[in-house]
Amino acid sequence: MKRRIINIVHSKSKFSIDTAAYFKKQLLAQGFEVSDAFNHEAELIISIGGDGSFLRALHRYDFPDTPFLCINTGHLGFFAEIDPDEIDTFLEKYVSGDFYIEEISPIDATVCTRDNCIDTRGINEIVIKGDKSRTIHLSICVNNHLIQRFSGDGILVATSTGSTAYNYSVGGSLVDPKLNILQVTPLAPINTNAYRSFTSSVIFPTETVIKVNPEYRFENSIVIVSDGREYRFAGITEVTLQLSQQTVKMLRLKDFDFWSKVITKFL
Ligand code: NAP
């Protein structure tokens with residue numbers, strides 16, 4: 001008989017630990033194996049906590065191919081599919097195959113310095129911003145066409161999934177996840193006689209390649225932030241951003257509706 005392995009990852013709160021213990025007990029009773037260490041042969045990763053717990057697991061395990069189910073234990077929980085009191089109903093649906101997998105595209109960034117190039121990935125966004133509280137100046141090219149010389153705090157490049165996160169707080173648009181786009185949202189853009197920058201978000205289609213070149217004086221004062229994780233490199237000359245070929249898989253129940261979730265969480 002085929003082994004059915006489930007990974008459970010959870011935040012440190014008592015509620016998350018108790019929820020994980022209950023879920024594990026119910027899974028074992030159904031004949032599943034539950035792995036305490038991360039097992040790459042698992043068919044499902046259950047993330048218990050908030051969006052932060054999901055983002056931590058995603059980055060720690062390097063964007064695994066295994067689908068995620070997120071359970072919210074008292075945070076915003078935008079990625080969450082169920083609440084802890086829905087575990088039993090969920091299990092019935094899971095065992096009978098009454099669910100589907102939604103594939104969402106992360107954003108890939110290749111950060112090139114004078115010495116080498118380093119890849120990083122984010123599911124919500126990649127932010128390029130000044131590290132030293134100074135205005136930074138960036139040239140932004142889209143598919144090799146210069147579209148603007150940006151001046152301000154920085155830019156945030158969000159996926160459709162990330163449109164509801166940091167992007168929304170800084171005035172970006174909410175995007176229906178059926179549209180697989182990249183959204184460039186300025187952070188405190190300067191738009192004066194001295195410097196001209198777009199003051200609204202700009203939205204680009206799936207295949208777009210965005211190249212960002214800092215002015216040479218800022219090569220050492222830029223920080224790259226991927227889903228809240230900061231990376232500092234000396235001598236950054238170019239950052240290339242595009243939607244990833246690899247997807248992240250989210251388990252969805254049949255009644256999942258993005259806009260109902262937006263209304264519940266934001267209004
Ligand atoms: P965090 O400070 O705990 O997260 C900030 C908030 O963003 C939390 O309430 C989190 O939900 C929520 N969130 C994360 N992804 C979301 C999404 N796709 N849609 C809606 N809300 C979302 O930091 P973290 O847990 O490490 O998460 C990093 C993320 O924080 C970044 O990807 C960035 O989008 C976001 N962030 C937001 C701001 C801002 O809004 N001013 C500033 C910096 C970073 P939970 O409460 O469920 O964890």
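# A friendly tour of a two-domain model

Q: Which residues does the domain assignment give to domain 1 and to domain 2?
A: Welcome! The model you are looking at is a predicted one. In its domain assignment, domain 2 covers 107-243.

Q: How many residues of domain 1 are in contact with domain 2?
A: Contact here means heavy atoms within 4.5 Å. On the side of domain 2, 14 residues take part, and on the side of domain 1 the number is 15.

Q: What area is buried between domain 1 and domain 2?
A: Carbon and sulfur atoms give 73% of the buried area. The area itself is about 1300 Å².

Q: Which residues of domain 1 lose the most area to domain 2?
A: Three residues together make up 36% of what the domain 1 side buries. You can look for them in the structure: they are H59, F63 and F266.

Q: Which element supplies the largest share of the side of domain 1 that touches domain 2?
A: Elements that each supply at least two residues of this side are α2 (51-60), β5 (99-104) and α5 (258-266). The largest share is five residues, and it comes from α2.

Q: How many nonpolar residues are on the side of domain 1 that touches domain 2?
A: Sorted by class, this side has one polar residue and two charged residues. The nonpolar residues on it number 12.

Q: How many places in sequence lie between the partners R4 and E43?
A: Among the 11 salt bridges that the structure holds, one joins the side chains of R4 and E43, at 2.9 Å from N to O. R4 lies in the segment before β1 (5-10), and E43 lies in the loop between β2 (33-35) and β3 (44-49). The pair therefore ties together parts of the chain whose separation in sequence is 39 residues.

Q: Is R252 buried or exposed?
A: R252 forms a salt bridge with E81, with the closest N and O atoms 2.9 Å apart. The pair links distant parts of the chain, since E81 is in the loop between β4 (68-72) and α3 (87-95) while R252 is in strand β17 (residues 248-253), 171 residues apart. Buried means under 20% relative accessible area. R252 has a relative accessibility of 5%, so R252 counts as buried.

Q: Which residues are linked with E81 in a network of salt bridges?
A: E81 is itself buried, with a relative accessible area of 14%. The network links E81 with E102 and R252.

Q: Which strands hold E238 and K211?
A: The side chains of E238 and K211 meet in a salt bridge at 3.9 Å, N to O. E238 is partly exposed at 24% relative accessibility, and K211 is partly exposed at 23%. The two residues are 27 residues apart, with E238 in β16 (residues 236-243) and K211 in β13 (residues 210-214).

Q: Which backbone oxygen does the side chain of T208 reach?
A: T208 sits in the loop between β12 (202-204) and β13, and T208 is buried with a relative accessible area of 2%. Leaving aside residues up to four places away in sequence, T208 touches V142, N143, L182, L241 and Q242. At 2.6 Å, the side chain of T208 reaches the backbone oxygen of P205.

Q: What is the phi of D62, a residue other than glycine?
A: D62 has its place in the loop between α2 and β4. With 60% relative accessibility, D62 counts as exposed. Its phi is positive, near 60 degrees.

Q: Is S133 buried or exposed?
A: S133 is in the loop between β8 (125-130) and β9 (136-142), and its phi has a positive value near 55 degrees. Exposed means over 50% relative accessible area. S133 has 80% relative accessibility, so S133 counts as exposed.

Definitions and conventions:
Residues are numbered from 1 along each chain as its sequence is written. This is a predicted model: local features need pLDDT of at least 70, side-chain atom pairs count only at pLDDT 80 or more; totals for chains, interfaces and linings use all residues. Side-chain values use heavy atoms; hydrogens and water are left out. Domain bounds come from an automatic or database domain assignment. Buried area is the accessible area (1.4 Å probe) that two parts lose on being put together, summed over both. Helices (H or I, at least four residues) and strands (E, at least two) are DSSP runs, numbered from the N terminus. Ala, Val, Leu, Ile, Met, Phe, Trp, Tyr, Cys and Pro count as nonpolar, Asp, Glu, Lys and Arg as charged, and the others, Gly among them, as polar. A salt bridge is a side-chain nitrogen of Lys or Arg within 4 Å of a carboxyl oxygen of Asp or Glu. Buried means under 20% relative accessible area, exposed over 50%, partly exposed in between (1.4 Å probe, protein chains only). A polar contact is a pair of N or O atoms within 3.5 Å; within protein, one must be able to donate a hydrogen and the other to accept it, and residues adjacent in sequence count only if both atoms are side-chain atoms.
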